[in-house]
Amino acid sequence: MKIRDRYAPSPTGPQHIGGVRTALFNYLFARSQGGTFILRLEDTDQNRSEDQYVQNLYETFSWLGFNWDEGPDRGGDFGPYIQSQRSELYQQYAAELLKRDGAYRCFCSSERIDQVRKEREASQSSQTGYDRLCRSIPPEEAEKRAAAGEAHTIRLKIPLGEKTVFNDHLIGQVEWKNEDINPDPVLLKSDGYPTYHLANVVDDHLMEVSHILRAQEWLPSVPLHVIMYRAFGWEHPEFCHLPLIMGLDGKKLSKRHGSTSIDEFRRQGILSEALINYVALVGASYEEGKDIYTLDELVQRFSLEKLSKSPGIFDYKKLEWYNGHYIRSKSDEDLAALSLPFAIEQGLFPSGAPDEAQKELYTRAMGLVKERAVYLTEIPEKLGYLFNEIPMAPKEEFIPKKGSLEMAIDALQKVRPLIDTLAQTKTDQEAEDLFKALSEKEGLKLGDLMMPLRLALTGSRVSPPLFGSIRLLGAATSLARIDRALEGLS
């Protein structure tokens, strides 16, 4: 069997973590089986679908670095891949269902349906949905009324008193009483536009989709779709409903847990490789004792058998760990290029955009921060002292623990003659040896020497490595900052 699966989002909002995981699993499954991965835009909700969200989808997957084989932007033999461009097909197949007695025309107005709902609520009836009033209209009469121009919808005729049985790859056999299915849902609206159910089934059949991998929240719609497949006389695709994504509190992941849209993760400075690696493990496992995978490695290892039946837990701290790992794996040049847009946005460079000398300094500074950075946004935050004048720290900050202001002044005066040599050292070990020698000579603790110097040079007790900072600042700037600190403290 030729494997064909699809990601079929509705462009009604920005891409979020659940949708991206669905797309990723479909991509991995298709690639692992030598199959075809399809993008289809399900934009039948014309009131909510917007072009900006289509653009957001394309930008998101361009950033993530994996894509589809067929789709609106790539073409293919089964297009068009946008549902709003397939309206005539849906009308044709709705008419086919009428001929097969799998559907019927409904002439009830929205006002009548709303009245039925209100009467049921008032009587506290257990019945929900449509009351099937028009199901008993003889087809010949319905055809005449439609031909006369009477407004109507087309509804699916749910077989009464039966069960719908189907198999799901993860869940196993599922039985659903037809009485529990939404009573005779609308397939074609009065304006000729299809509902999700009709368009979804027709498109999956015509596009020869072999497997449907989607979130478990769509499971209740499957009995309805299976009924429709059988009414058409078609074989339905294989179903695999993916485990839900939960927060650490065991509840469905939402904004209360943190970021869920991909745009938010990007703005925070998450790397695409980190997001893909982590998301691929939420609800799946690949190899015992291994956590880091490239996209190609995930393709090689992926199978439906490796998916979990249990919900996947999205741990933001774990994602941070992955992001830190991928930040550390980058070359200084690559990390500088990735974080530079954040640096410009944060106003790191006095003139706005950096000149060539500032770009070179920024790249050289990556080695100071990559070991501790978790997000790309943190990198420029830690490097402000290299590109801007720093404010004078409060005097009390300079005082060593169990020390005095005089001790801080004395430490700066003693370390000042070393600055020229420190700025020319090649390694931190060389610089540390010089400091240790001075510490032993003067009978001072190493920390009591370094802490006032760190404050004088960076304006903070917590900063990137001191010795590397001295080399990047240079002797002249370092000496000027020490002299300013001495003047301020005196």
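Helix α1 (17–32) makes the largest contribution to the lining of the largest pocket, with five residues; helices and strands here are DSSP runs numbered from the N terminus (H or I over at least four residues for helices, E over at least two for strands). The model is a predicted one, in which local features need pLDDT of at least 70 and side-chain atom pairs count only at pLDDT 80 or more, while totals for chains, interfaces and linings use all residues. Residues are numbered from 1 along each chain as its sequence is written, and side-chain values use heavy atoms, leaving out hydrogens and water.

Besides α1, the elements β1 (4–7), α6 (196–206) and β8 (211–215) each supply at least two lining residues. The lining of this pocket counts 36 residues, and His16, Gly18, Gly19, Glu217 and Trp218 lie nearest the centre. A pocket is an open set of points on a 1 Å grid over the protein atoms alone where a 1.4 Å probe fits, with protein on both sides within 12 Å along at least five of seven lines, and lining residues have an atom within 4 Å of a point. The volume of the largest pocket is about 990 Å³, taken as the space filled by probe spheres set on the points, which are joined across faces, edges and corners. By class, the lining holds 13 nonpolar, 13 polar and ten charged residues (nonpolar: Ala, Val, Leu, Ile, Met, Phe, Trp, Tyr, Cys and Pro; charged: Asp, Glu, Lys and Arg; polar: the others, Gly among them).

Helix α6 also meets α3 (residues 87–99): their axes come within 10 Å and cross at roughly 100° (axes are lines fitted to C-alpha atoms, for helices over the stretch in contact, with angles from 0 to 180 degrees between N-to-C directions). The two helices α3 and α6 are therefore roughly perpendicular, a term covering 65 to 115 degrees. On the α3 side, Leu89, Tyr90, Tyr93 and Ala94 touch Leu198, Ala199, Val202, Asp203 and Leu206 of α6, contact meaning heavy atoms within 4.5 Å. This contact comprises eight nonpolar, no polar and one charged residues.

Turning to the strands, an open three-stranded sheet is ordered β3-β4-β7 with antiparallel pairing, where pairing requires at least two DSSP bridges between two strands. Both β3 (103–106) and β7 (186–188) are edge strands with a single partner each, so one side of each has no neighbour in the sheet. Strand β4 (residues 153–156) is joined to β7 by two bridges, and Arg155 has Val186 as its bridge partner in β7. Elsewhere, β5 (residues 163–168) and β6 (residues 172–177) run antiparallel over six bridges, with Phe166 partnered by Val174 in β6. A hairpin of three residues connects β5 to β6.

Notes: Parallel < 35°, antiparallel > 145°, perpendicular 65-115°, else oblique.
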